[in-house]
Amino acid sequence: MPASSAYRPDPVYAAFNDAHARAFADPVAPADFPLRKLRHRNQRWAAAVGLETLTDNEWERTFARFEPLPANMGAPLAMRYHGHQFRTYNPDIGDGRGFLFAQMRDGAGRLLDLATKGSGQTPYSRFGDGRLTLKGGVREVLASAMLEAQGVYTSKAFALFETGEALVRHDEPSPTRAAVLTRLSHSHIRFGTFQRLAYLNEPDLMRALVDHAVAAYYPDLLALEGESRIGAFFGEVVRATARLAASWMAAGFVHGVLNTDNMTITGESFDYGPWRFLPSSQPGFTAAYFDHSGLYAFGRQPEAAVWNLAQLGGALNLICADAALNEAISAFPLLYREALREAVFARLGLRVGELESDLPFVQDLLGWMTDSQIGWAQFFHDWFAGRNARRDALYDAAEFALVRAGIEARAAPSDPRLAHPIFAREKPVDLPIEEVEALWAPIAEHDDWRAFDAKLREIEELRVALALNPSPALREKGLTSVLRRGA
């Protein structure tokens, strides 16, 4: 297999699992699909991990048949974990339709995982079929691309294959088409991974997992020992999670299912089920039709994040005293406010100043957006880099004057990004649920992927134009996204 010189396999989790008698994951076999039709290939991120040189045949063998990559994991691993699901503890979950397939490092030295969704049954499938609908795969490709464009630290939809199976689902017309998705992520270790060990009262395995996580993701903490290392590790997870929650809020994104098994220790957004982007600022807006109490509504996402952190802290309490854990989680409010300021300013292309003056401005801004019900994406498009790109009566109203003054005071004299043609558009690049459904309709009815492909190109154009958080590895190479699909 002609992997490029950038390919740096490093299957550390398989070795860690083997060293502990496979206490953290179970070897599994992928399903044998009747069809393997390529629907999405993320060539930009393939280049970041040295897999861009794979031929179409090799891509299929790797991401539809799951033949092992060179010098990587010999068998996929279904991860063991528990979790709070809508705040009810569930010890009967784990990787029920996915597995960890490979690990490698990118040009910046980050350890990255290739893991699946819809790859077949595992010991944790319970009564599920271990499959993913094609519509679910399409939605995850769209969500991860749009979030990356807006500066959210997210998993990347790496490969999507249609698999030729007919699935029955209660929440969409059935039978429906099936797919298998491979996502590229910074970590597969969830809050629920630690919760499981606390539930089983396994302090030695808990310490081993913390040590592994520190070595793999927070190596600067290796000089610390004992409870100092554990407390510092938890502090880093608190910081990363605060940053994640803030970035969702700045993007106007509603994840929908913020259970503890959907939160990772690296603060990366992943697993997109009933997600939504806001039409306008609505704190009570929910994404999941089954979230009847609004537990994971847009405005409650920071609360959900800190509640989940408290559950992780409670699990770590098995091996660490309260004081160190409480100190770490008590920092969340300030960390979140700082991160929200940075995320909102990045989305608006504004200069960060003194926190004491920036935070009231952010509060005034978000309060005005809620009161006025201006389109969320429209506002950020109109005022990027301090410009006023569109006449709107809301912008002339006295209620907006304070916000306008705050934007103008923080805008740079000039921003070269404004030369990008995307800023000449009257309407923003957006992804409301109505458009998602409109993109799916021609695929479902006529196997017509043109609108989907065009939307991905548009989102990629937005990512390039905003340039919010390019990976160092990609920035060095100057790569752009290439999307490929089988005929």
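Over which residues does pLDDT stay under 50? I looked this up before anything else. The model is predicted, and pLDDT stays under 50 over residues 470–487. For that stretch I found 40 contacts beyond four places in sequence. Where pLDDT is low, the predicted coordinates should not be read in detail. I left those contacts alone. For the protein as a whole, the mean pLDDT is 94. I also noted that 96% of its residues reach 70 or more.

**Entry: Glu162**

I went to strand β9, residues 156–167, where Glu162 sits. Is Glu162 buried or exposed? Its relative accessibility is 7%, so Glu162 counts as buried, the cut-off being under 20%. Next I checked its side chain for polar partners. Another, at 2.7 Å, links Glu162 to the side chain of Arg177. I then listed its contacts, leaving out residues up to four places away in sequence. Glu162 touches Leu35, Arg36, Lys37, Arg39, Leu134, Arg177, Ala178 and Ala179.

**Entry: helix α15**

I moved on to α15, which covers residues 433–446 and has 14 residues. From first C-alpha to last, α15 reaches 20 Å, close to the 20 Å expected at 1.5 Å a residue. Which residues of α15 are buried? I found Val436, Leu439, Trp440, Pro442 and Ile443. An α-helix has 3.6 residues a turn, so residues three or four places apart point the same way. Last, I checked the backbone just after α15. There Asp447 takes a positive phi of about 55 degrees.

Definitions and conventions: Residues numbered from 1 in each chain as written. Predicted model: local features only at pLDDT ≥ 70, side-chain atom pairs only at ≥ 80, totals over all residues. Heavy atoms only, no water. Helix = DSSP H or I, 4+ residues; strand = E, 2+ residues; numbered from the N terminus. Expected span 1.5 Å × (residues − 1). Buried < 20%, exposed > 50% of the residue type's maximum accessible area, 1.4 Å probe, protein only. pLDDT = per-residue confidence, 0-100. Contact = heavy atoms within 4.5 Å. Polar contact = N/O pair within 3.5 Å; in protein donor to acceptor, adjacent residues only side chain to side chain.
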